[in-house]
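Subject: Structure for you to look at

Hello,

Here is the structure I said I would pass on.

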Amino acid sequence: MPAIGKLIIFLGILLVVTGLVVIFLNKTVPLGALPGDVTFEKQNFKFYFPFTTGLVLSGVFSGLALLISILF
């Protein structure tokens, strides 16, 4: 059971760090406004699909997961 407690604490710290990074990057890098993000607007309808932003975030999180798996 102590291993599960350590894992939960580690995941909590990881979530806090990720939240701080997102807050900081939101001020410096305009995520959601990258070239390749699809926006379609018509009268009373707006469609937004963050294609490029999703690719970038997927790469970042995959890299973090790889780093964590190498370190632990």
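Confidence in the chain is lowest in H1, at a mean of 86, and highest in S2, at 91. These values are pLDDT, the predictor's confidence in each residue, from 0 to 100. Over the chain the mean pLDDT is 87, and 94% of the residues reach 70 or more. Where pLDDT is low, the predicted coordinates should not be read in detail.

Two notes on how to read the rest. This is a predicted model, in which local features need pLDDT of at least 70 and side-chain atom pairs count only at pLDDT 80 or more, while totals for chains, interfaces and linings use all residues. Residues are numbered from 1 along each chain as its sequence is written, and side-chain values use heavy atoms, with hydrogens and water left out.

Fold. The chain has 2 helices and 2 strands, and along the sequence they follow the pattern α-β-β-α. Helices (H or I, at least four residues) and strands (E, at least two) are DSSP runs, numbered from the N terminus. Strand S1 (residues 38-42) and strand S2 (residues 45-49) run antiparallel and are joined by 5 bridges; two strands pair if DSSP finds at least two bridges between them. A hairpin through 2 residues links S1 to S2. In this pairing, Lys42 stands opposite Phe45 in S2.

Overall shape. The radius of gyration of the chain is 17 Å, whereas a compact globule of 72 residues would have one near 11 Å. That radius is taken over C-alpha atoms, and the globule rule is 2.2 Å times the number of residues to the power 0.38. Along the principal axes, the C-alpha atoms fill a box of roughly 55 × 25 × 25 Å.

Surface. The accessible surface comes to about 6200 Å², and 77% of that belongs to carbon and sulfur atoms. Accessible areas come from the Shrake-Rupley method with a 1.4 Å probe; for residues, only the protein chains shown count as cover. Buried residues make up 6% of the 72 in the chain. Buried means under 20% relative accessible area, exposed over 50%, and partly exposed in between (1.4 Å probe, protein chains only).

A nonpolar patch on the surface has about 1000 Å² of accessible area together, and its members include Leu7, Phe10, Val56 and Phe61. Helix H1 (2-28) and helix H2 (51-71) are the elements that give two or more residues to the patch. H2 supplies the largest share, 7 residues. Patches are made of residues with over 30% relative accessible area and no salt bridge, with like charges joined within 9 Å and nonpolar side chains (Val, Leu, Ile, Met, Phe, Trp, Tyr) within 5 Å. A salt bridge is a side-chain nitrogen of Lys or Arg within 4 Å of a carboxyl oxygen of Asp or Glu.

Single residues. Phe61 is found in helix H2 and is partly exposed, because its relative accessible area is 42%. Ser62 also lies in H2, and its 45% makes Ser62 partly exposed. Ser62 and Leu15 are 47 residues apart in sequence and 15 Å apart in space, C-alpha to C-alpha. Lys27, in helix H1, is exposed, with a relative accessible area of 72%.

Regards
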